[in-house]
Amino acid sequence: MKTRLLIQMRLVVGLSLAVVSVSAGPVPRSAAPRKYTIEQFMKTIRFGVADISPDEQTVLFSSNQDGVFNLYEVPFGGGQPKQLTTSKTDAIFAIGYLPDGRILYSSDQGGNELNHIYLREKDGSVKDLTPAEKAKFQFAGLSHDRKSFFYQSNERSRAAYDLYEMDIATMKPKRVFENPGGFFPGDVSPDKRYVALVKPYTTTNSDVYLFDTQTKETKLLTKHEGEVNNGPEGFTPDGKSLLLSTDEGSEFAYVKAYDLATGKSTVLDKAAWDISADYPSYKGRYRVVSINNDARTELKIIDTRTNQPVRLPALPGGDVTGVNIADSEGRMIFFVNSSNSPATLYSFDFKTNKATPLVRGLNPEINPDDLVSGEVIRYKSFDGMEIPALLYKPKDRKAGEKHPAILSIHGGPGGQTRLTYSPLVQYLVNNGYVVLAVNNRGSSGYGKTFYAADDRKHGDADLRDCVESKKFLSATGYVDPAKIGIMGGSYGGYMTLAGLTFTPDEFAVGVDIFGVANWIRTLNSMPEWWGPQREAMFKEIGHPKADSVALYNKSPLFHTAKIRKPLLVIQGANDPRVLKIESDEIVVNVKKNGVPVEYVTFPDEGHGFVKKENEITAYKAVKEFLDKYLMNPQTAVR
């Protein structure tokens with residue numbers, strides 16, 4: 001659990017598998033790619049968590065295949081999925097099976113992010129195990145003895161998560177750790193004596209502590225100087241060690257094993273990029289290591305008896321993610337996500353070395369050959385800093401033809417656009433747009449120096465990185481420099497508004513999705529359950545009181561008179577992070593300029609989309625707006 005991942009306000013626009021070369025010429029093919037509707041692109045399936053049943057005969061997963069996330073089961077060896085829940089309103093996300101075969105799942109109310117934990121009995125009846133109002137509950141893992149599970153809750157204190165243990169036989173909870181504030185609980189040791197804690201100070205500085213449930217003492221494990229991000233990964237199955245993620249003495253995060261008896265740490269896994277996950281299987285035979293390799297996921301499943309990686313059978317190209325190994329350690333499940341296909345859920349048998357596709361995410365109406373791979377590119381910014389980005393270009397380009405382009409900016413501010421499938425990106429590229437997803441300074445995944453390079457410079461240095469990308473796009477020869485727009489969600493929405501406000505002549509149009517318009521209000525209204533993340537955000541972006549002048553100057557809402565290019569705003573009414581009033585006020589103010597403004601709101605969404613019908617409406621609005629004001633510039637305001 002890394003601090004930098006805890007504090008992000010993200011709306012991820014997923015992208016696809018990278019190739020390294022960049023070609024300016026048209027791509028030879030026997031036939032032009034077929035054009036698809038947004039409804040066809042959105043027939044793809046998005047998945048949540050998947051789990052293997054205790055008898056290892058079925059696989060539980062959540063997906064939005066019927067329009068709203070619900071629970072499904074499918075035989076481990078393959079077959080027809082069976083729908084278990086039928087919510088038409090609130091999204092239902094799988095947590096997993098209990099040892100007796102019952103199911104836990106999580107759900108909030110209309111996107112308000114106040115998740116509760118629910119128990120689904122074998123007869124289909126459901127009980128809310130955490131019925132407290134205005135409180136948030138997060139699953140924190142099964143106990144090693146499989147007699148209980150842990151969860152975090154801010155029911156006692158809105159600004160601090162306590163840790164609870166729920167007895168599976170009685171479904172009665174007891175508090176294991178009362179949070180004095182400033183901590184986030186992590187993993188619990190197999191003997192239930194110790195609780196790992198992380199204490200964030202800034203977005204680049206945090207410590208790991210160990211809480212002893214017997215003595216009630218809290219011990220610092222990661223004493224250090226300077227800015228070092230430390231986080232607990234989890235205890236080893238034998239209970240002797242705690243795995244720690246750290247970037248001490250390194251640009252990138254690596255993993256150490258902390259010996260609980262001696263207090264000594266040894267490096268376990270290290271790579272040339274961030275290690276984003278490192279966890280053992282239930283009995284410890286395997287260790288799953290994920291490396292964030294240049295916006296791709298590089299996966300290793302290590303057999304701890306030989307310390308050698310397991311050789312998986314040939315799979316379609318892409319990232320292997322969501323690895324879940326059964327308690328017997330004989331079977332596992334995972335997802336494969338690639339450029340020309342959304343995630344596919346697989347099962348795998350270690351004995352037979354057989355991988356079986358269970359549920360394919362791609363709409364069979366879409367030919368994968370018509371979809372576009374993202375290309376990893378880099379360009380120099382205004383101060384010489386190298387900026388990574390992901391480039392998507394239409395397959396039916398013709399020599400000498402100039403295309404409109406749209407920058408796609410991720411959330412965060414510390415997010416990262418990765419090489420995973422995005423129906424919106426594919427939809428736009430399929431309709432003639434070049435898309436460049438910029439991982440501007442401040443993005444995670446490229447080292448801690450790059451990550452911290454936008455601190456207190458938001459809407460300035462990072463925005464200038466986006467402006468500089470126009471030079472790269474123009475140099476390709478197939479992008480019209482007068483037809484480059486900017487689009488983003490959450491922090492990316494802020495960057496869109498900042499681009500139209502503070503560089504009013506640089507971008508032809510802007511698409512703001514759940515974007516920050518008023519930093520003073522946003523920082524003041526951050527949900528209480530963010531706890532110490534609030535202070536970390538204050539230190540990175542600015543304090544709403546002490547730094548009110550600076551925040552006023554970088555908030556687009558107070559400078560809307562400068563906006564003179566068309567703007568589309570998309571907002572969820574239940575958004576607890578970026579309040580709807582921010583978008584309301586931006587729209588009213590920009591309209592005063594005589595600038596075309598379109599506004600699409602959703603009464604049943606929060607900070608991001610969980611309902612497929614709403615995504616279709618939003619993405620259709622995006623394309624229609626871009627067609628009107630970017631593809632056909634004679635209708636745009638100049």
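My entries go from the whole chain down to single residues.

**Ground rules.** I am working with a predicted model, where local features need pLDDT of at least 70, side-chain atom pairs count only at pLDDT 80 or more, and totals for chains, interfaces and linings use all residues. I number residues from 1 along each chain as its sequence is written, and my side-chain values use heavy atoms, with hydrogens and water left out.

**Overall build.** I looked up the secondary structure and found 11 helices and 37 strands; these are DSSP runs numbered from the N terminus, helices being H or I with at least four residues and strands E with at least two. Along its principal axes, the C-alpha trace spans about 70 × 60 × 45 Å. I then checked the radius of gyration, taken over C-alpha atoms, against the globule rule of 2.2 Å times the number of residues to the power 0.38. For 638 residues a compact globule would come near 26 Å, and the protein has 24 Å, which agrees.

**Burial and surface.** I found that 61% of the 638 residues are buried (buried is under 20% relative accessible area, exposed over 50%, partly exposed in between, with a 1.4 Å probe and protein chains only). The protein exposes about 24100 Å², and carbon and sulfur atoms supply 50% of it; the areas come from the Shrake-Rupley method with a 1.4 Å probe, and for residues only the protein chains shown count as cover.

**Contacts and charges.** I call it a contact when heavy atoms are within 4.5 Å. Among contacts between residues at least 6 apart in sequence, 55% join residues at least 24 apart. I also compared the mean positions of the 78 positive and 76 negative charges, and they are 2 Å apart. Lys and Arg count as positive, Asp and Glu as negative, while His and the chain ends are not counted; I placed each charge at NZ of Lys, CZ of Arg, CG of Asp or CD of Glu.

**Helix 6.** How far apart are the end C-alpha atoms of helix 6? They are 16 Å apart, and the 12 residues (491-502) should span 16 Å at 1.5 Å a residue, which agrees; the expected span is 1.5 Å times one less than the number of residues. I noted that 11 of the 12 residues are buried, so helix 6 is largely enclosed by the rest of the structure. Tyr491, Met495 and Leu500 are among them.

Asp303 lies in strand 24 (residues 296-303) and is buried, at a relative accessible area of 10%. Leaving out residues up to four places away in sequence, Asp303 touches Arg285, Tyr286, Gln308 and Val310. Thr344 sits in strand 28 (residues 341-349) and counts as buried at 6% relative accessibility. With the same exclusion of residues up to four places away, the residues Thr344 touches include Phe334, Phe335, Pro357 and Arg360.

Most residues other than glycine have a negative phi, and most peptide bonds are trans. I found a cis bond joining Gly412 and Pro413, with omega about 15°; Pro413 is in the loop between strand 32 (403-409) and helix 3 (423-430). Lys134 has a positive phi of about 60°, in the loop between strand 9 (126-128) and strand 10 (137-142), and is exposed at 64%. Lys192 has phi near 70° and is partly exposed at 23%.
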